[in-house]
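Please go through the structure below with attention to how its parts are divided and where they touch.

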Amino acid sequence: MTTAPDPRRPRPVSGDRTAAHPVLDAADVTRVLTRMAHEILEKNGGADDVVLLGIPTRGSTLAHRIAEQMASVEQRTVPVGSLDVTLYRDDLRLRGVRALGRTELPPGGVDGRIVVLVDDVLFSGRTVRAALDAIGDLGRPAAVQLAVLVDRGHRELPIRADYVGKNIPTSLRETVHVLLAEHDGRDGVLIGPADLSRQESRQESRQESRQDTSS
Amino acid sequence: MSNWLLRNVTILGAAPTDLHLADGVIAEVGRGLATGGAQVFDAAGLVALPGLVDLHTHLREPGREDAETVASGTLAAALGGFTAVHAMANTDPAADTAGVVEQVWRLGRDAGHCDVFPVGAVTVRRRGEQLAELGAMADSAARVRVFSDDGHCVDDAVLMRRALEYVKAFDGVVAQHAQEPRLTHAAQMNEGVVSARLGLTGWPAVAEESVIARDCLLAGHVGSRLHVCHVSTAGSVEILRWAKAKGIRVTAEVTPHHLLLTDDLVTGYDPVYKVNPPLRTAGDVAALRAALADGTIDAVATDHAPHSLEDKETEWGAAAFGMLGLETALGVVAEAMVSTGLLDWAGVADRMAVRPARIGRLDGQGGPLEPGAPANVVLLDPAATVTVDPGSLASRSRNTPYAGMTLPTRVVATFLRGRPTVLDGKPAESGGPGGGR
Amino acid sequence: MMRHLLSAGDLSRDEALLVLDTAAEMARVAAAPVKKLPTLRGRTVVNLFFEDSTRTRTSFELAAKRLSADVINFSAKGSAVSKGEGLKDTALTLEAMGADAVVIRHAMSGAPHRLAGWVRGSVVNAGDGTHEHPTQALLDAFTMRSRLGRLEGLQVTLVGDILHSRVARSNVLLLRTLGAEVTLVAPPTLIPVGVEDWPAQVSYDFDRVLPKSDVVMMLRVQRERMGAVYFPSVREYSRRYGLDAARMAMLPPESVVMHPGPMNRGMEIAAEVADSPRSTIVEQVTNGVSVRMAVLYLLLGGAMGGASE
């Protein structure tokens, strides 16, 4: 069964969104992100030495939004970068090649700083594992923390998030859709039945939830 | 002695008739012949042609028996409808002495599938330096009349002139492999659009045409017979047409593959399409067909060139030149010439039997299918088709470019002096002594 | 993505751009402190070189190693298997070793096509005879795009031994796919018969073409060609078709000068041109690694061979 996506062709978020029910609406998303920004500042005693690294594509968008919130609280800019982990994934054979996302470190790099990884959905933990490997090749941060908008459970690795927007218990047959205005025209989080053709592996439903519309 | 009655056979497009073969000759032709003691062969719907004659066959023996032997090659010939082949001289050792040509001739006689007429080399070891003992080969048991260094061009103009003159003494003919060597140094395929794209060293048409032009002028000058092997370009056709109009005694042959295949087949670099002269363009194919139809080109000759797997399963540049031809020749000619309306069966008989026999000075071959003539006959089914399967060929080699192709007509039976060598498309009983001409 | 890379002409525009975009990301890795990615861990890449080419082999080797593939260098030159039967036997050996990709350099045109028919892994043409060198064309396009910001509509002039150049063939095909306009400049003896079918203009007058060239790519001319009477003398060749400082001055201000290497300084290119800021010759070498990483990743990283589990 070949289910590897064609890397060249952007595919819209699939699954029947009309059958999906909302978990967070736009106002919830804003509130949650504001809270996460405060939590990051609180835990780290301010924004000194904190850099945000978003995992493309929605993780990068979220990182920018959180950084803005932090900046407005602290009255200073917070460095943001993006970290594509495709080349560090352990499931290339299963999923096929994809176009690479951008990796861009903030000025000053990551050495000695507190890196907050930002992603939209935490599921198996494999993406974060890949991200940790990637960070290790880019430098030596003082600490790495993890912020996710949604934790849907079903971890396959001993990984947990430091900042969670919303814990959403799901079944493996469900799909989590994170919508962001920059990509989808509006903010929100939906849960829907998984696209039946996409139940081959957890990696794929994982990927489903973060499929990019603009790659 | 064999005694066959072929019932209701069509001879050269005429109404069905019976053909009685007895004592090695055609005994009677006519409708409703009495059976007598003859074995009856129902040939309704089949066409009879004189047994085909190939002017250009590589049997590889002696020297490359792994690729072909006289026995395997002549069986392939019989299955293709041939009753005579000319065995080219580029064996190892080369057929440049009476001893070698007699050996090949005897091997053919012993195999008994068809007559083998050895071609003698023009020069010693085909090196283009010194004339071979042409007279000795002509006087040998093999009675050589066609001389060729095929594979090499006799490019030295003086040597070519002397050879043309010398063979007049025994009514021989020099069959030239027209290839100017300097213009074709390291050449791999036809020079043109495809070679430019594939990065393979080009083999320009002019390398063939310039030699043909020179040789026609030489033959005209000394009044000798010249035969041009495997003509492959439209330009060669024009030169031949001019020379014939001038009354120069030149004849020419074309291979089946040059009537059907074009150089764009090289695109995948499969050496099964590597051949000398190279496959040319669609324009050349059209010109060759027209020339064969109007008689400018006299004959179809297979240039059957078996090569072992290891000589073909290689990079293009390392592979040997040549392709199989005997077992597919009639089908290819039917496809290229008969299906297109360019030749009828009488025309096919003329180009594949009558004229080749005349060029080779073979008295007992090339028809006509008339009482008293040697009973060399091929029966073919014009309505049948054959899908070429390399694995089922009689040749020891597998380098056919037609694998998987479906070709019209099927050879049903071949008779060599009244004795079937092929029946129902399969080898008949093991060969007996043939001999003679 | 395709399974093999045999000809630059096999790449669609989208595929070619995917290679270039991927190479751009790979180039960032080259700038990182740890220049290594785990992407192709456990994969085996064989460099099968029937012809000496230290620079191309090294470039592929570095590319494969930066992606953590295991690399085997299989140099067949001069050995008993340097022709014929050898290639097929070598292919069977590589199959038995479980090679996921074979990078082949061969003196005979079409050898990679033959190999592709005999192995299950991906075949990358690293230069075959006088046919093609597709990764060179990709790195050239990558270099042009990073220097000039675009490929669409660029005027690219290739100068030299077009007849025998695999670099020229691959560049003509790829640049056309990517929307550049190619002009070939050479003495008529070094232009192939049949060039009229190529998507390129032909000129024998270098000086006329120079002022409208965004890119001038000088091709290596082997001195041996003189023996085969392609041109009368090195001096005459150099005078008519060499790029010296005076000719370089005729180029538009932003134009770049490229050379696939190895160069014959003083023959097709003057030393002051090769070392000038317009020259991209060193960048080409750097970019070669990124482009080859991209090609190996796209051919091997995916499920092309193993999608049917």
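The centres of domain 1 of chain B and domain 2 of chain B, taken over C-alpha atoms, are separated by 26 Å. Domain 1 of chain B comprises 3-47 + 373-427, and domain 2 covers 51-359; domain bounds come from an automatic or database domain assignment. This is a predicted model, in which local features need pLDDT of at least 70 and side-chain atom pairs count only at pLDDT 80 or more, while totals for chains, interfaces and linings use all residues. Residues are numbered from 1 along each chain as its sequence is written, and chains are lettered from A and ligands numbered from 1 in the order in which they are written.

Where the two domains meet, 28 residues of domain 1 of chain B and 39 residues of domain 2 of chain B take part in the contact (two residues are in contact if their C-beta atoms, placed from the backbone, lie within 7 Å). On the side of domain 1 of chain B that touches domain 2 of chain B, β16 (377-387), β17 (406-416) and β18 (419-423) of chain B are the elements giving two or more residues. β17(B) gives the most to that side, with six residues. Strands here are DSSP runs of E, at least two residues long, and helices are runs of H or I, at least four, both numbered from the N terminus.

Chain B as a whole has 12 helices and 19 strands. Its radius of gyration, taken over C-alpha atoms, is 20 Å, close to the 22 Å that the globule rule gives for 437 residues, so chain B is as compact as a globular protein of that length. The globule rule is 2.2 Å times the number of residues to the power 0.38. The C-alpha trace of chain B spans about 65 × 45 × 45 Å along its principal axes.
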